[in-house]
Amino acid sequence: MLVAPSLLSCDFAKMGEEIVRIDRAGADLIHLDVMDGHFVPNITIGPSVIKALRPYTRLPFDVHLMISDPLSYIDAFADAGADYITFHVEADSDIDAAIEKIRSRGVKPGIVLKPKTPAEAAFPYLDKVDMVLVMTVEPGFGGQSFMADMMPKAEKLRAEIDRRGLSALIEADGGISEKNAAVTSSAGIDVVVSGTGVFRASDPAAAIKAIKNA
Ligand code: DX5
Ligand code: ZN
């Protein structure tokens, strides 16, 4: 299992240093949460901050867009140095157009499902994306409790991806730490996001290792 620490739980006054710290601790990807105060009731960072952070690591940037109109901002996030851009199927943009746009910029596209959105909503896109992100909290805030009842959805996606011989990764995001990572691994999840579970751990390297080996 790969671990993508979410910068949402880092010290925002020292984001560059925090990326270096988490890279050295063994992160596989850096998860960046973009919120627009419209799709979710919180506001975080945008493309200019991501661009400023890009020189601090060579790890892939996994940019999670929680914004109403992802299509209009894909160029900006591609220019900022995103390696993955994931956006919500519940957002307003045309899903196929957004996937194609991300791909046309040489970035890996992914779609995200909120807790109430069924696995089947992702099925038409599974052959077009590199990642499917299953939210295990309601998007908007770090530090919430993991929703274990999302695991059947991840298992359904795993079965469908394998049945069709596809290669899209399944990512889970929200409330994951070394305490519950084993549950995600047995559901067939490839990448876990962990914000507070890693950044607030007394030993982030040990926390990352424990999640990977769960
Ligand atoms: C929630 C974000 C998550 C979250 C992860 O909207 O997408 O990435 O911040 O943080 P923890 O691991 O603290 O739930
Ligand atoms: Zn996220």
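Me: Which elements each supply at least two residues of the lining of the largest cavity?

Reply: They are β2, β3, β8 and α7 (196-199). Helices (H or I, at least four residues) and strands (E, at least two) are DSSP runs, numbered from the N terminus. A cavity is a set of points, on a 1 Å grid over the protein atoms alone, where a 1.4 Å probe fits but cannot get out, and lining residues have an atom within 4 Å of a point.

Me: What sort of model is this?

Reply: This is a predicted model, in which local features need pLDDT of at least 70, side-chain atom pairs count only at pLDDT 80 or more, and totals for chains, interfaces and linings use all residues. Residues are numbered from 1 along each chain as its sequence is written, ligands are numbered from 1 in the order in which they are written, and side-chain values use heavy atoms, without hydrogens and water.

Me: How many residues line the largest cavity, and which lie nearest its centre?

Reply: The lining has 24 residues, and Leu8, Phe141, Gly142, Asp173 and Gly174 lie nearest the centre. By class, 9 are nonpolar, 12 polar and 3 charged. Ala, Val, Leu, Ile, Met, Phe, Trp, Tyr, Cys and Pro count as nonpolar, Asp, Glu, Lys and Arg as charged, and the others, Gly among them, as polar.

Me: What takes up the space of the largest cavity?

Reply: Ligand 1 does. The cavity holds about 200 Å³ of space, a volume being the space filled by probe spheres set on the grid points.

Me: Which residues are closest to ligand 1?

Reply: Of the 21 residues that surround ligand 1, the closest are Gly140, Asp173, Gly175, Gly195 and Thr196; such residues have a heavy atom within 4 Å of the ligand. β2 (30-35) gives the most to this shell, with 3 residues.

Me: What polar contacts does the ligand have?

Reply: Among them, an oxygen atom of ligand 1 lies 2.8 Å from an N or O atom in the Asp33 side chain. A polar side-chain atom of His31 is 3.4 Å from a ligand oxygen. A polar contact is a pair of N or O atoms within 3.5 Å.

Me: Which residues line the second largest cavity?

Reply: Leu7, Leu8, Phe12, Met15, Leu32, Asp33 and Ile45 line that cavity, which holds about 30 Å³ of space. The lining has 6 nonpolar residues, no polar ones and 1 charged.

Definitions and conventions
A polar contact is a pair of N or O atoms within 3.5 Å; within protein, one must be able to donate a hydrogen and the other to accept it, and residues adjacent in sequence count only if both atoms are side-chain atoms. On a 1 Å grid over the protein atoms alone, a cavity is a set of points where a 1.4 Å probe fits but cannot get out, and a pocket is an open set with protein on both sides within 12 Å along at least five of seven lines; lining residues have an atom within 4 Å of a point. A molecule sits in a cavity or pocket if more than half of its atoms lie within 2 Å of its grid points.
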